[in-house]
Amino acid sequence: MIPAAFEYYRPTDMAGVIALLQEHGDDARVIAGGHSLIPMMKLRMAEVPHLIDLQDIDGLGAISVADGVVRIGAMTTQHDIINSDALKAAAPIMKEAALQIADPQVRYMGTVGGNVANGDPGNDMPGLMQCLNAQFHVTGPDGDRVIDAREFYEAAYMTEREDDEVLTAISFAAPLGGYAYEKQKRKIGDYATAAAAVQMSKDGGKVATASIAMTNLSDVPVWSKAAAEALIGSTCDDASLKAAITAMLDDIDPTEDNRGPVAFKRHAAGIVLGRAIARAWSRA
Ligand SMILES: Cc1cc2nc3c(=O)[nH]c(=O)nc-3n(C[C@H](O)[C@H](O)[C@H](O)COP(=O)(O)OP(=O)(O)OC[C@H]3O[C@@H](n4cnc5c(N)ncnc54)[C@H](O)[C@@H]3O)c2cc1C
């Protein structure tokens, strides 16, 4: 199918983007890599009369690590993330997760901003951002503001971002210790049936800190505080691992779809989380 007709704009500054968003309201969307939006438009699941391309806005594609804070511009592609030496050193979970998104063609185009702003429960970056306790930087007619990733997602495709605000960057403190991103999918290029992001640090042979978030197991990403708490202070033995999985299962709310029935998704969630904790602990 081809999309419905639309006007295409390519402003060269953010003021121009925001002016267009204000002028056209709900009839306008920004476009980044287009690898979520264009398929939706072609399937006629989204009709966007005014499409505003962010490609020509300077400064949205930078990655920096300074004073222990990682900052990634919204237009940074998944390919850029995979190939960033700075990110590999400061937050290697970013590369591990990005490599499990779709396929190289999609990763050349798909941006971190589009991935987190879209609000698609199947996207991998939102859960990862919650695991990392990231902040989302947005700009709009009333200026700049920062929204915690853990507060950003309201429901599928509904977020705290206002229609006339643009996500400019994400940032987070460089994480400590071991990490793992584990994803179960039906085939290469597929969205997750279940995925787990885990960061853990070790002190004196015990878990000092832990953060756990799950993907595609609810209509929003699930940051499971209780699962992390089940690990903290333990030696990451079998009993605490099982307690963490049980706590996570209490927090998720999967629904049946073409990736399987609820019981299967809960089973897959437990498996991916168990594997992710084991790998993160081995790296801590
Ligand atoms: C075959 C296929 C498989 C895929 N598999 C996966 C997968 O396994 N895991 C995964 O995570 N993703 C997957 N994706 C999605 C892919 O990663 C997308 O590219 C990404 O989610 C969206 O990024 P984008 O830059 O293409 O955004 P776009 O498609 O350009 O935009 C998506 C939405 O976000 C909004 N938006 C974009 N940028 C901004 C911004 N800076 N500020 C505010 N709003 C913004 C747009 O208005 C739009 O509503 C897949 C895509 C395809 C086509």
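**Exercise 1. A pair across two strands**

Which residue in S13 does serine 201 stand opposite?

Solution. The model is predicted.

Step 1. Serine 201 stands opposite threonine 209, a residue of S13.

Step 2. The two strands S12 and S13 (residues 206–215) are joined by nine bridges in the antiparallel sense. Another of the residue pairs is aspartate 203 with lysine 206, its bridge partner in S13.

Step 3. S12 and S13 make a hairpin, and two residues lie between them. In the turn, glycine 204 has a positive phi of about 60 degrees.

Step 4. On to the next strand: strand S11 (residues 178–184) runs antiparallel to S12, with seven bridges between them. Glutamine 184 has alanine 194 in S12 as its bridge partner.

Step 5. The open sheet has four strands in the order S11-S12-S13-S14, with antiparallel pairing. S11 and strand S14 (222–223) are the edge strands, each pairing on one side only. H8 packs on this sheet and touches S11, S12, S13 and S14. The direction of H8 makes about 155 degrees with that of S13.

**Exercise 2. Burial of S12 and H8**

How many of the ten residues of strand S12 are buried, and which residues of H8 are buried?

Solution. 

Step 1. A residue counts as buried if 20 or more other C-beta atoms lie within 10 Å of its own.

Step 2. In strand S12 (residues 194–203), seven of the ten residues are buried, so the strand is largely enclosed by the rest of the structure.

Step 3. In H8, eight of its eight residues are buried, and the helix is mostly covered. These are Asp124, Met125, Pro126, Gly127, Leu128, Met129, Gln130 and Cys131.

Step 4. Just after H8 comes asparagine 133, with a positive phi of about 55 degrees.

**Exercise 3. The sheet of five strands**

What is the order of the strands in the open sheet of five, and why is one side of S4 and of S7 left without a neighbour?

Solution. 

Step 1. The order is S4-S5-S10-S6-S7, and the pairing is antiparallel.

Step 2. Strand S4 (63–66) and strand S7 (143–148) stand at the edges; because each has a single partner strand, one side of each lacks a neighbour in the sheet.

Step 3. On average, neighbouring strands of this sheet are turned by 20 degrees against each other, direction ignored.

Step 4. For S4, the partner is strand S5 (residues 69–73), joined to S4 by four bridges and running antiparallel. Here alanine 66 stands opposite valine 69 in S5.

**Exercise 4. Domains and the ligand**

Which domains does the chain have, and how many residues surround the ligand?

Solution. 

Step 1. The domain assignment gives domain 1 (7–53), domain 2 (63–173) and domain 3 (178–283).

Step 2. Between the C-alpha centres of domain 1 and domain 2 the distance is 19 Å. Their contact involves 13 residues from domain 1 and 17 residues from domain 2.

Step 3. On the side of domain 1 that touches domain 2, helix H1 (residues 14–24) gives the largest share, five residues. This side has six nonpolar, six polar and one charged residues.

Step 4. The ligand is surrounded by 30 residues, the closest being Ala32, Gly33, His35, Gly110 and Gly114. Elements giving two or more residues to this shell include strand S2 (28–31), helix H6 (104–109) and helix H7 (112–117). H7 supplies the largest share, four residues.

Step 5. By class, the shell divides into 16 nonpolar, twelve polar and two charged residues. At least three residues come from each of domain 1 and domain 2.

**Exercise 5. Leucine 37**

Where does leucine 37 lie, and which residues does it touch, not counting those up to four places away in sequence?

Solution. 

Step 1. Leucine 37 belongs to helix H2.

Step 2. With 19 other C-beta atoms within 10 Å, leucine 37 is partly exposed.

Step 3. Leaving out residues up to four places away in sequence, leucine 37 touches Arg29, Ile31 and Ala46.

Step 4. Lysine 242 is 205 residues from leucine 37 along the chain, and their C-alpha atoms are separated by 39 Å.

Conventions:
Residues are numbered from 1 along each chain as its sequence is written. This is a predicted model: local features need pLDDT of at least 70, side-chain atom pairs count only at pLDDT 80 or more; totals for chains, interfaces and linings use all residues. A residue is near a molecule or strand if its C-beta atom, placed from the backbone, lies within 6 Å of it. Ala, Val, Leu, Ile, Met, Phe, Trp, Tyr, Cys and Pro count as nonpolar, Asp, Glu, Lys and Arg as charged, and the others, Gly among them, as polar. Domain bounds come from an automatic or database domain assignment. A residue is buried if 20 or more other C-beta atoms lie within 10 Å of its own, exposed if 12 or fewer, and partly exposed in between; C-beta atoms are placed from the backbone. Two strands pair if DSSP finds at least two bridges between them. Axes are lines fitted to C-alpha atoms, for helices over the stretch in contact, and angles run from 0 to 180 degrees between N-to-C directions. Two residues are in contact if their C-beta atoms, placed from the backbone, lie within 7 Å.
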